[in-house]
Amino acid sequence: MKVFKKTSKPLSQEEIVEWLRELRGNPYVPSSGFDVTSVFRVKVGDEDTYYCAGTNVENPHHRLSTHGEEGSIAAMVTGLGKHAQIVEGWVMGAPKKLIPGSDDPLADNCVSCCGKCRQQIAGFASPSVVMHSVSLNGATKSTTVGDFLPDAFTFRDFAPELTSASAQQTDSVPTVSDVESRLVRKGKELSANEIDQWLESLESFDLASKQSQAVILKLANGAYVAGVKVEDAAYVSIDPVQSAMAIAQAEFGHQKVLEVHTLAKGRDEAAMAPEAFTPLSGSAIQVLGQFAAHADIPVHMYNAAHESRVIKLKDSARYLPTFERPSMPIGVERFVG
């Protein structure tokens with residue numbers, strides 16, 4: 001996989017730089033023409049040699065673009081769960097037209113993480129974690145999360161009781177096949193029951209809303225890609241459709257979406273009734289508008305009661321969630337597995 005690796009020992013700087021270069025060409029950058037690729041080394045339990053990669057994915061609504069670092073975070077939480085932590089990171093950025101060895105000054109530029117990405121990284125990394133800015137030609141500048149975002153505001157400030165409880169969780173160490181099957185599946189058509197079970201296996205990072213949401217996208221190449229909601233204490237969060245598209249872009253490059261499957265549920269009935277559905281957000285609809293094969297692609301909504309409802313993408317805006325109506329019982333059809 002391009003988006004995930006597990007090794008027995010930490011990868012060398014040369015191996016990371018080669019991976020960052022291999023990812024170039026996969027970013028979707030029609031507006032800027034500027035490829036950003038990212039790799040994070042991740043810890044779960046006592047294992048700290050999981051690696052998650054990401055690329056930038058632009059959108060005509062620029063605020064809804066996902067950055068390379070956000071792609072790595074999306075892959076990390078989707079594949080490894082909400083207790084995963086960043087222990088080291090690398091980012092490379094350069095115009096798409098350049099190749100290693102170029103004498104263009106931008107090939108030697110060590111691009112740093114933007115402010116939004118620094119905020120999101122700080123939510124999953126201690127201040128001592130080192131982030132490396134790598135030029136296309138291989139030069140490196142390094143700094144710590146604490147230095148590039150001092151006095152960060154994270155869920156440790158927002159909801160200390162939740163982060164404390166989360167820190168006490170002891171995750172079983174996921175296998176490579178576990179992680180890969182959470183991120184991407186290809187080679188066969190999935191049944192509704194298989195998709196429902198896959199959605200149920202995914203964990204959102206949902207400390208603010210207490211409502212998880214996961215999506216699975218069927219792509220034109222026949223593969224299925226998952227993504228989860230990744231909330232941030234400063235509310236620069238990643239929508240599950242953005243997560244899935246970021247993972248799809250890093251893994252396959254540009255692909256059209258043929259189907260959407262989404263499951264939302266609350267931690268308890270007070271957070272969300274089991275029979276309620278959470279439709280796609282406006283952000284998700286905008287992102288899918290760029291990548292959907294056509295406006296009539298089906299959006300399959302699932303709920304915690306294992307019921308489903310199907311609408312067309314072009315009709316999704318009729319059901320936009322609000323604070324007063326975050327979820328709703330939409331003409332339910334019982335899901336039969």
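How many bridges join strand 1 to strand 3, and in what sense do the two run? There are 3 bridges, and the strands run antiparallel. Keep in mind that this is a predicted model.

## The sheet as a whole

Let's start with the overall layout. The model has 6 strands in an open sheet, and going across it they come in the order 1-3-2-4-5-6. The pairing is mixed. Ignoring direction, neighbouring strands are turned by 15 degrees against each other on average.

Which strands stand at the edges? Those are strand 1, covering 4–6, and strand 6, covering 140–144. Each has a single partner strand, so one side of each is left without a neighbour in the sheet.

## Strand 2 and its two pairings

Strand 2 takes in residues 34–44 and is mostly covered, with 9 of its 11 residues buried. Strand 2 pairs with strand 3 in the antiparallel sense, over 7 bridges. Within that pairing, V42 has Y50 of strand 3 as its bridge partner. The two strands also make a hairpin with 2 residues between them, and there G45 takes a positive phi near 60 degrees.

Strand 2 is also joined to strand 4, residues 85–95. Here 10 bridges hold the antiparallel pair, and S38 can be found opposite V91 in strand 4.

## Cysteines

As a reminder, a disulfide is a covalent bond between the sulfur atoms of two cysteines. To be called one here, a pair of cysteine sulfur atoms has to lie within 2.5 Å.

C52 is in no disulfide, and the nearest cysteine sulfur, belonging to C117, is 15 Å away. Is C52 buried or exposed? C52 counts as buried, because its relative accessibility is 0%.

C110 is in no disulfide either; for C110 the nearest cysteine sulfur is that of C113, 12 Å away. With 16% relative accessibility, C110 counts as buried, since the cut-off for that label is under 20%.

Terms used: Residues numbered from 1 in each chain as written. Predicted model: local features only at pLDDT ≥ 70, side-chain atom pairs only at ≥ 80, totals over all residues. Heavy atoms only, no water. Pairing = 2+ DSSP bridges. Helix = DSSP H or I, 4+ residues; strand = E, 2+ residues; numbered from the N terminus. Axes fitted to C-alpha atoms, helices over the stretch in contact; angles between N-to-C directions. Buried < 20%, exposed > 50% of the residue type's maximum accessible area, 1.4 Å probe, protein only.
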